[in-house]
Amino acid sequence: MSWITIGEIDDIPQRGARCIKTPAGKIAVFRTADNAVYAIENRCPHKNGPLSEGIVHGAAVTCPLHNWVISLETGEALGADEGGVRTFPVRNENGLLSIALAEPALAAAE
Amino acid sequence: MTALNPQKLVIIGNGMAPGRMLEHLLEQAPGAYEVTIFNAEPRVNYDRIMLSPVLSGEKSFEQIVIHGDDWYRGHGITLHKGARVTEIDRAAKTVTSANGVTASYDKLVIATGSLPFIIPVPGHQLQGVVAYRDLDDVDHMLAAAKSGGRAIVIGAGLLGLEAAYGLKRQGMEVTVIHLMPTIMERQLDPAAAYLLEKALNERGIEIITKANTKRVLGTDKVEGIELEDGRVIEGSLVVMAVGIRPAAGLAKEAGLAVNRGIVVDDGMMTSDASIFALGECAEHRGMCYGLVAPLYESARVLADRLSGGAAEYHGSVTNTKLKVTGINLFSAGDFAEGEGREEIVLRDANAGIYKRLVLKDNRIIGAVLYGETSDGSWFFDLMKKATDISAMRDTLIFGQAYQGGTPLDPMAAVAALPDDAEICGCNGVCKGKITSAITGKGLTTLDGVRAHTKASASCGSCTGLVEQLMALTLGDSYNPAAVTPMCACTELGHDDVRRLIKAKGLKSIPAVMQELEWKTSCGCAKCRPALNYYLVCDWPDEYADDYQSRFINERVHANIQKDGTYSVVPRMWGGVTNAAELRAIADVVDKFEIPMVKVTGGQRIDLLGIEKEDLPAVWADLGKAGFISGQAYAKGLRTVKTCVGSDWCRFGTQDSTGLGIRIEKFMWGSWTPAKLKLAVSGCPRNCAEATCKDIGVICVDSGFEIHFAGAAGLDIKGTEVLGLVKTEDEALEHIVALTQMYREQARYLERIYKWAKRIGLDEIRRQILEDGEKRRAYYERFVFSQQFAQVDPWSERVSGKDKHEFKPMATVGFEAAAE
């Protein structure tokens, strides 16, 4: 596991998200209205919708394809839907963001 | 239909009573009279009892107009505005106005209304002292409210308290001065007055009772008032609401019999058989009325008399409701204590409920209800009919639902009302008339019932009852109590939210959520896009569009596909293109290896499978060829389909292609509640399929037939005809105005056909086709908002706007991350 700098908090709009490209797929990094930052897999458990493109409300995001609501804290689907995505630890040091990735996430996808 | 020799009918005054009288007269005896109206106010006829909501900002003047200019024109009525009649010559049978217009009459109706009473204390003529009577007074008050400060309202009657509430809502400090020990003493007993005073205090309105005004202070304008006891209250506005007196001066000068008002008999005739008096200026059996219900009743009688009938007016029993949001108050009849009178009282301090019935000889003669007024109309009905209540005396005060021993559900109260029970006091509409209209005309909406019966169409305080009646009559298909909330973040429905955004002047999403008490900190994916649209629509110049509250398609100006790629549709005006445009599209397809090119149903070309990162570069190339975004992703104007029209087609009657392009160039960029698709067909063969569009035009030899409210999606529905217009300019104006009406009124994601069904086709035709003033106002508002909307989003993003949307934040873990 290693911490990798990914950019600054102001690169992400409030109530918005940006993507990080990794060999194992995209990770979505979210910034909420109160400036909390979360990182989760950018693939909705339902039909792989890009969660980074959804509307962010509270600590949750609504998938742009079919409106599943995913918790940014746990990665689990909220409400009646079942499923989840991986979450990644994010560190915010005076606005500088870094993310902790395990080695498999860095390795090229098989 | 015109009678051979129409008589000349002249009406002095253009308030609610003569307006209603004319409606009845035109229905009963169309063409019998050539009508001329003299109006001292410089405007059309409006709903005076709704001035309070205009003052508080809950309604606009436009919303309270009863008859617009077109109504008068359409009925061939001559309306002289700003023309105060100064003389009636009974011998010559003519009237003359101050601005020199003379008209002769066979029949004359005097409806001069009333004058506000101004207390003649020193300083009463200072600038800043106003009455509360007409729209000019409201305008004065609104202007004063802009500069803030304190308003002093003299008189705590119905009007005074409504004025106080309105001024408070407009941001002023408000003090009410009242001569008597308790407020609204003519309608309320002291206990109810106490509860009302407390509720008004809680709303920040200060009330001083037993206070006699000695003088108004100030040198050139109002600075405050001094009371008899020496107290001084500072303020920049003084509203006198201490009563009205009939405006009978003109009649008196003409030699008619006048007491307090102009004396009329049961046929509303004055002492001159050719002259009638109607409304607040009239005195009938010693009574002068200031409430709308009796005036409407006598208006009906007069219309019948003028049509040759013999109807008689026998006076009215009146009741009162206060129009202050959140305060329920009902009073009727006589409730003073006295010989032979008994009372029944119910109090519930926790719930703030107080009910009192005054009985005499086992009959209700007075009722005061505070806090819970749903039984008001039942008590009022028992009172008017002088029903003997001795059998239900023990349970009477609990209301209608409790009669018969077991508690019934509240709906039973309405169900048990007899058919002749009055539901709408303002318009004198009884239960039977409403239920038969609902079943007879197949009405399913409140607006439909209002349009057909006028019930709840004036002050609106019986809306709840009317809705209960609808629920009873229609069963499960109508449920008035359940306003569907916008989403789980609020209890409010879309209509309430839209209304409150305007009324409270809310201009940002956080302001809406704070003021309307949202239950979540920043909303959800359902309410945020809706709020963003409402704010964009209502405050086009002031609101800063919140992109984080838009769906991804409207944020990146392309359509997301199932695999996360996007599709791009450039605008092709009216579906017309050329070699250069097609060549540019072909080049873009090659350069970006676009996997799919498809012709859409809206007569343009869709490029599918584009990676998000490539979007700005694709747009840059398309932009060089002159393309702008087709907004195929927008809840906004999409396409205007056309056929080739008179330029090519042997059947074409007009230049449908040209009109379609003109409409699209005028309307592109506008946001609407849901997508908006248009079409223009050059003849009734309808090759552009205009009769299943949101708005469509069918060209014919004599002009342009405008259609709307079609659907060809989840539902299939042919359009409704709005009307036929002669020129392209008129067609454009009607289409734009209709769109703006829809923009302002519909709920987010509600297509035009659903909106139209909800509010009624007749209402739309009335506002867009018949009322030219309304139409032009809608048109102007659309044009205003277009200044801010017609910016091509693609070229903005090519120039660097929202760069973050199109690039990953970082690329990690690749061996040699390409820079």
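**Questions on the predicted model**

Chain A has 1 helix and 10 strands.

Me: What share of the residues of chain A count as buried?
Reply: A residue is buried if 20 or more other C-beta atoms lie within 10 Å of its own. Chain A has 110 residues, and the share of them that count as buried is 45%.

Me: Which strand of chain B pairs with strand E2 of chain A?
Reply: The contact takes 22 residues from chain B and 28 residues from chain A. By class, the side of chain B that touches chain A has 11 nonpolar, 9 polar and 2 charged residues. E2 of chain A, residues 16-22, forms 2 bridges across to chain B in the parallel sense, and A:Lys21 has B:Thr811 as its bridge partner. The strand is E41 of chain B, residues 810-811.

Me: Which strands stand at the edges of the open sheet of 5 strands in chain B?
Reply: The order of this sheet is E34-E35-E36-E37-E40, with mixed pairing. Each edge strand has a single partner strand, so one side of each is left without a neighbour in the sheet. Neighbouring strands are turned by 15 degrees against each other on average, direction ignored. The edges are E34 and E40 of chain B.

Me: In what sense do E34 and E35 of chain B pair, parallel or antiparallel?
Reply: E34(B) is joined to E35(B), residues 676-681, over 4 bridges. Within E35(B), B:Val680 is the bridge partner of B:Thr642. The sense of the pairing is parallel.

Me: Which residue of E40(B) stands opposite B:Glu705?
Reply: Strand E37 of chain B, residues 703-708, is mostly covered, with 5 of its 6 residues buried. E36(B) runs antiparallel to E37(B) and is joined to it by 6 bridges; a hairpin of 2 residues links the two, and B:Gly696 stands opposite B:His707. E37(B) also pairs with E40(B), residues 720-725, over 5 bridges in the antiparallel sense. Opposite B:Glu705 stands B:Leu724.

Me: What covers the buried residues of helix H13 of chain B?
Reply: H13(B) spans residues 446-453, and its buried residues are B:Leu446, B:Gly448, B:Val449, B:Arg450 and B:Thr453. After the helix comes B:Lys454, with a positive phi near 70 degrees. The cover includes strand E29, helix H12 and helix H14 of chain B.

Me: What pLDDT does chain B average?
Reply: The model as a whole scores ipTM 0.90 and pTM 0.54. In chain B, 96% of the residues score a pLDDT of at least 70. The average pLDDT of chain B is 89.

Methods: Residues are numbered from 1 along each chain as its sequence is written. Chains are lettered from A and ligands numbered from 1 in the order in which they are written. This is a predicted model: local features need pLDDT of at least 70, side-chain atom pairs count only at pLDDT 80 or more; totals for chains, interfaces and linings use all residues. A residue is buried if 20 or more other C-beta atoms lie within 10 Å of its own, exposed if 12 or fewer, and partly exposed in between; C-beta atoms are placed from the backbone. Two residues are in contact if their C-beta atoms, placed from the backbone, lie within 7 Å. pLDDT is the predictor's confidence in each residue, from 0 to 100. Two strands pair if DSSP finds at least two bridges between them. Ala, Val, Leu, Ile, Met, Phe, Trp, Tyr, Cys and Pro count as nonpolar, Asp, Glu, Lys and Arg as charged, and the others, Gly among them, as polar. Axes are lines fitted to C-alpha atoms, for helices over the stretch in contact, and angles run from 0 to 180 degrees between N-to-C directions.
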